[in-house]
Amino acid sequence: MEQIKQYWQAYLTTLPPDSPVRNEQYVAEQFGDNPDLANSLGKLIVSRKKTATSSALWEWEAEGQPIPKVGQKSIVLDSHNQPLCIIETTEVTICPYDKVDARFAADEGEGDCSLAYWREAHWRFFSRVLPKIGKSPVLDMPLVCERFHIVYVNALTHGK
């Protein structure tokens, strides 16, 4: 936890003293639902190949959490909860699974970046995570589709 706070503080030192970001809250989280996925998705984000992500709206509702908002900052963590980079959310939409388009699938940056790959990989993912909240994937399930960009990477430790 201390390392995450230090990473945020290092980011703040890159900003002007009067930056409003200094008063913002942030979240720190891994992407995916297992260590290998957290590491592979984290690498895609740091490489800037992955600039979008999606999650089931039902998960946010089950956890009682508000969905991300434009401008939100997130510290992306690897499987050991080590900070990889900081991203800023640039767009949030709710979209049914079966209406996600090829551009969004490409922006997710996974596999061959095709819509076919995205659908197959995400169906497997939702088939793993949704039963934990008593749901099953369906074609029109609402997804939180989020786009983001990197605002900070510590090049010395994570510029791999």
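**Group meeting: strands, core and pocket**

Before I go on, some housekeeping. This is a predicted model, and residues are numbered from 1 along each chain as its sequence is written. Local features need pLDDT of at least 70, side-chain atom pairs count only at pLDDT 80 or more, totals for chains, interfaces and linings use all residues, and side-chain values use heavy atoms, with hydrogens and water left out.

When I say helix or strand, I mean a DSSP run (H or I, at least four residues, for helices; E, at least two, for strands), numbered from the N terminus. Strands count as paired if DSSP finds at least two bridges between them.

So, back to that pair. Strand S3, residues 73–77, and strand S4, residues 83–96, pair antiparallel over five bridges. The two make a hairpin with five residues between them. Asn81 lies in that loop between S3 and S4, and its phi is positive, about 60°, although Asn81 is not a glycine. For the cut-offs, buried is under 20% relative accessible area, exposed is over 50%, and partly exposed is in between, with a 1.4 Å probe and protein chains only.

There's another positive phi at Arg48, near 70°, again in a residue other than glycine. Arg48 is in the loop between H2 and S2, and Arg48 is exposed, with a relative accessible area of 52%.

Now the rest of the strand pairing. S1 and S3 run parallel, joined by five bridges, and Ala28 is partnered with Ile75 in S3. S4 is also joined to strand S5, residues 142–152, by ten bridges, and those two run antiparallel. If you want places to look on screen, Thr93 stands opposite Cys145 in S5, and Glu91 stands opposite Arg147 in S5. S2 and S5 run antiparallel as well, over five bridges, with Ala56 opposite Leu143 in S5.

How covered are these strands? In a regular strand the side chains alternate between the two faces of the sheet. For S3, both faces are covered: Lys73, Ile75 and Leu77 are buried on one side, and Ser74 and Val76 are buried on the other. That's five of five residues buried in S3. In S5, eight of the eleven residues are buried, so S5 is largely enclosed by the rest of the structure.

On to the core. Nonpolar side chains in soluble globular proteins tend to be buried together. By nonpolar core I mean a set of buried Ala, Val, Leu, Ile, Met, Phe, Trp, Tyr and Cys residues joined through side-chain atoms within 4.5 Å. The largest one here has 22 residues, and Tyr11, Ile45, Cys85 and Ile87 have the most contacts inside it. Helix H1 (2–12), H2, S3, S4 and S5 each supply at least two residues of this core. Which element gives the largest share of this core? It's H1, with five residues.

Next, the largest pocket, which has a volume of about 900 Å³. A pocket here is an open set of points on a 1 Å grid over the protein atoms alone, where a 1.4 Å probe fits, with protein on both sides within 12 Å along at least five of seven lines; lining residues have an atom within 4 Å of a point. Grid points are joined across faces, edges and corners, and the volume is the space filled by probe spheres set on them. The lining has 35 residues, with Phe31, Gly32, Ser54, Ser55 and Phe125 nearest the pocket's centre. The elements giving two or more lining residues are S1 (26–30), H2 (35–46), S2 (52–56), H3 (57–63) and H5 (115–129). H5 gives the largest share, seven residues. By type, the lining splits into 14 nonpolar, ten polar and eleven charged. In that count, Ala, Val, Leu, Ile, Met, Phe, Trp, Tyr, Cys and Pro are nonpolar, Asp, Glu, Lys and Arg are charged, and the others, Gly among them, are polar.

Last, the annotation. UniProt has "domain: ASCH" over residues 29–152, from an unreviewed entry; positions are in the numbering used here, feature names are shortened, and annotations may be inferred rather than shown by experiment. Over that stretch, residues 29–152, the chain is 33% helix and 30% strand, with the end C-alpha atoms 15 Å apart.
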